[in-house]
Amino acid sequence: MKALILVGGYGTRLRPLTLSSPKPLVEFCNKPIVLHQIEALAKAGVTHVILAVSYKADKLEEELNCYAKQLGIKISATYESEPLGTAGPIALSKEVLESDVITESDGGDPVFFVLNSDIICDYPFTELLKFHRAHKKEGTIVVTKVTEPSKYGVVVTRDDGLVESFVEKPQTFVSNKINAGLYIFNHKVFNRIEVKKTSIETEVFPFMAVEDELYAFTLKGFWMDVGQPPDYLGGMCLYLKHLQQTCPDALVPSSLSIPSSTKLIEPVLLDPTCFIGEHCVIGPNVTIGPDCRVDVGVRIQRSAILRGTQIKAHSWINSSIVGWRCSVGRWARIDNVTVMGEDVSVRDELYINGGSILPHKEIKESIPQPSIIM
């Protein structure tokens, strides 16, 4: 089986992190965002993952090649010279998706997965494939339930999952299910899409629904689009809770030495190579990446600390993302969805309130109001 991941372009919503790294390679819970998806696809039997990209395609392939070897799969990329929306990349990748197709063991039509690269969930690809095979129609979309459907475009289905219609931001209740950005298709879908900018949500799915060729599979677990910082942090909380419930031993390595004076409030995800000092309080909902150093008396909650960063003594970090190889000074306070790009240095005793700080900056004064530091 094959899968197409819609990577897209510059990752502007996740800046300043994407000024240093293509968005799919930005770490989410200590591994590249896209690697969460690729590992789940490989586990479900996918042998070739195609990345539909319009920016830094060569770097993506190069960086992911080592993971491909570890997983025993192939990873390649198709390049969009101009934006093609959410359906155009499927047509652009048609030749790759159709090549070397092996007859399915159950005699069913060849299928492939499609997913948006910003989606974090528990990826029920095996169950999705089984559901798709059972109804024998052209496509299946994954939907997730929301508490306030009036904020979204919702999917209206029959009890068996057949999609009847799509309703944009309904003012009266018709459904609480929204498109989760994960799909599986038969190859017949290529007949509906051309290599041009096309929206799969508005220009493909409604016509499939009219023809009774589209079913919806309801996601039972957590879900989040982590393409912008507030949602990145929200998705991190959901993912850590999921890990705590399903694989608690993956959170804090047994080989990592934590001082008895330091308190971890679960869930916390620590890389084996990080250093945690004495008298710290860390958590809940914190990830600390490789080669990070957290000095004495630091307080961190609901934040991500990326590779190679040093948090100096008695600093306080809340609801923020601290990028690669940063330095946060003594007694500093970082808060309110502050996002620090690569190699940012914050001097001692400063307050950063909702700052978006571009790479390679030295912060010498407090930032009392949310702002972009260029």
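In which loop is the place of Asn-30? The place of Asn-30 is the loop between S2 and S3. The model is predicted, with local features requiring pLDDT of at least 70, side-chain atom pairs counted only at pLDDT 80 or more, and totals for chains, interfaces and linings using all residues. Residues are numbered from 1 along each chain as its sequence is written, and side-chain values use heavy atoms, without hydrogens and water.

**View A. Positive phi values at Cys-29 and Asn-30.** Cys-29, in the loop between S2 and strand S3 (31-32), has a positive phi of about 55°. For Asn-30, phi is near 70°. Most residues other than glycine have a negative phi. Cys-29 is buried (under 20% relative accessible area), at 6%, whereas Asn-30, at 24%, is partly exposed (between that cut-off and the over 50% of exposed residues; 1.4 Å probe, protein chains only). Strands (E, at least two residues) and helices (H or I, at least four) are DSSP runs, numbered from the N terminus.
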